[in-house]
Amino acid sequence: MTDEEKKKQPSQPISRGLSESAQNLPDPNEDLELRTLLRQWHLPRSSSEFDRRVLTAYRDQVSRDAVWKRFFFRSIPIPLPVATALVLVLAFLGSRTLRPPVVRLQLPGPVPQVVQVEVPIIREKIVTRIVYRQSQETKNASKGLRNDTVRSTAHPVSKGSRSSQLAIQLADFEPVEKIQLKIVKGVDQ
Amino acid sequence: MMDRQLPEHELVKRSRLGEERAFLELYLRHRDHVFGFAYRMLGERGAAEDVTQDCFLNLVRQIDRFDPAQASLGTYLYAMTRNLCYKRFRGVVEEEASEFLEDPEDGGNGPLIQLLQAELSTQVARAVAKLPALQREVVILFEFEGLTLAEVAVITKVDVGAVKSRLYRARQHLRNALAPYLKRDSVQVAGRNEND
């Protein structure tokens, strides 16, 4: 239909008005003269190949529309918002379905099992002792007393008066940086 | 030939399923009507054949759209042909169709009578082609295809009153265009109708 014809096409209210006034129009079947004249318009025959062409097109159509092809290649027009919503819903459902299920076992109650294990414990005993070293100056002064000191350390409790004298002399000693002690059991005994 | 008692919607279904005989049955029943309507609307044989082919293929392709409870298959095919014709109108600038000058079928008469008939046929075709499309389709369906006003109303999707009105105006145009071939004076007829 051309634009000019579209403009000529009456709108709905006008068409309704026309249909009401159309009741008064003469019966179109009465004008036999014009009808007879119009019937003089004869149609040309369709081309000889036309029927074959239609049949070939039909065969192509049917073979194209085989069931499996229709299933795989048929397209359905879906509005974009609907399609987007469908994709989102499917994605949500898919994620829920594919998620590994959480198995919660309900046991009658915890049954603790006590196992006693003996583990060897290595205990180290660290003994710290401060040792004073006698300096060179006091070494000579106390040289004479060495025998007495040895005797007094050997018997500190029994010789109380000499042990006090020895304490004064030990004040001049300096502590060594390192000392390695070796404890020998049973020496005092 | 297939059983004529088979309802047409059944034939359509079978055609859809690939039963060639059913399709041929349908095609032969309605081919001339579809082609005639398309040719008179478009005025060109090639275009009319294309429309006829598309019409029958669409019938098979879009079987779901045909509801036998609403309209007969003939009415449905006319409506589809009409739509296909208008689709062509939108794509092609309407012009005076030269193929209306095609020679009509040979009636077996003498050369002079054939010549006169051919001229008359051409003049009628030209007069119809000059009608606006909405009037043309009504004239073709009512006068040439022999449909009732109600059937034309269904196909053109307007009420019967509108069909009658368009038909009346179309006939007035045709009377004026074909006045030399009518016994009565067209001007007188038109004047009388206006007075009515």
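Since the model is predicted, local features are given only at pLDDT of at least 70 and side-chain atom pairs only at pLDDT 80 or more, while totals for chains, interfaces and linings use all residues. Residues are numbered from 1 along each chain as its sequence is written, and chains are lettered from A and ligands numbered from 1 in the order in which they are written.

Let's start where the chains meet. The contact draws 46 residues from chain B and 34 residues from chain A, two residues being in contact if their C-beta atoms, placed from the backbone, lie within 7 Å. On the chain B side, the elements giving two or more residues are α2 (20-42), α3 (45-61), α4 (73-91), α5 (111-129), α6 (133-144) and α8 (160-177). Here helices (H or I, at least four residues) and strands (E, at least two) are DSSP runs, numbered from the N terminus. The largest share, 9 residues, belongs to α8(B). By class, this side has 25 nonpolar, 7 polar and 14 charged residues; Ala, Val, Leu, Ile, Met, Phe, Trp, Tyr, Cys and Pro count as nonpolar, Asp, Glu, Lys and Arg as charged, and the others, Gly among them, as polar.

Now follow α2(B) itself. After α2(B) comes B:Gly43, with a positive phi near 75°.

Next, look at the partners of α2(B). Helix α1 (residues 8-16) of chain B packs against α2(B) at about 130°, with the axes 7 Å apart. Axes are lines fitted to C-alpha atoms, for helices over the stretch in contact, and angles run from 0 to 180 degrees between N-to-C directions. The two helices are therefore oblique to each other; angles under 35 degrees count as roughly parallel, over 145 as roughly antiparallel, 65 to 115 as roughly perpendicular and the rest as oblique. B:Glu8, B:Leu11, B:Val12, B:Arg14 and B:Ser15 of α1(B) contact B:Ala22, B:Phe23, B:Glu25 and B:Leu26 of α2(B).

The axes of α2(B) and α6(B) come within 10 Å and cross at roughly 145°. From α2(B), B:Gly36, B:Phe37, B:Arg40 and B:Met41 meet B:Arg136, B:Glu137, B:Ile140, B:Leu141 and B:Phe144 in α6(B). This contact divides into 5 nonpolar, 1 polar and 3 charged residues.

Finally, α6(B) also meets helix α7 (residues 149-156) of chain B, their axes coming within 10 Å and crossing at roughly 140°. That makes α6(B) oblique to α7(B). Among the contact residues are B:Val138 of α6(B) and B:Val152 of α7(B).
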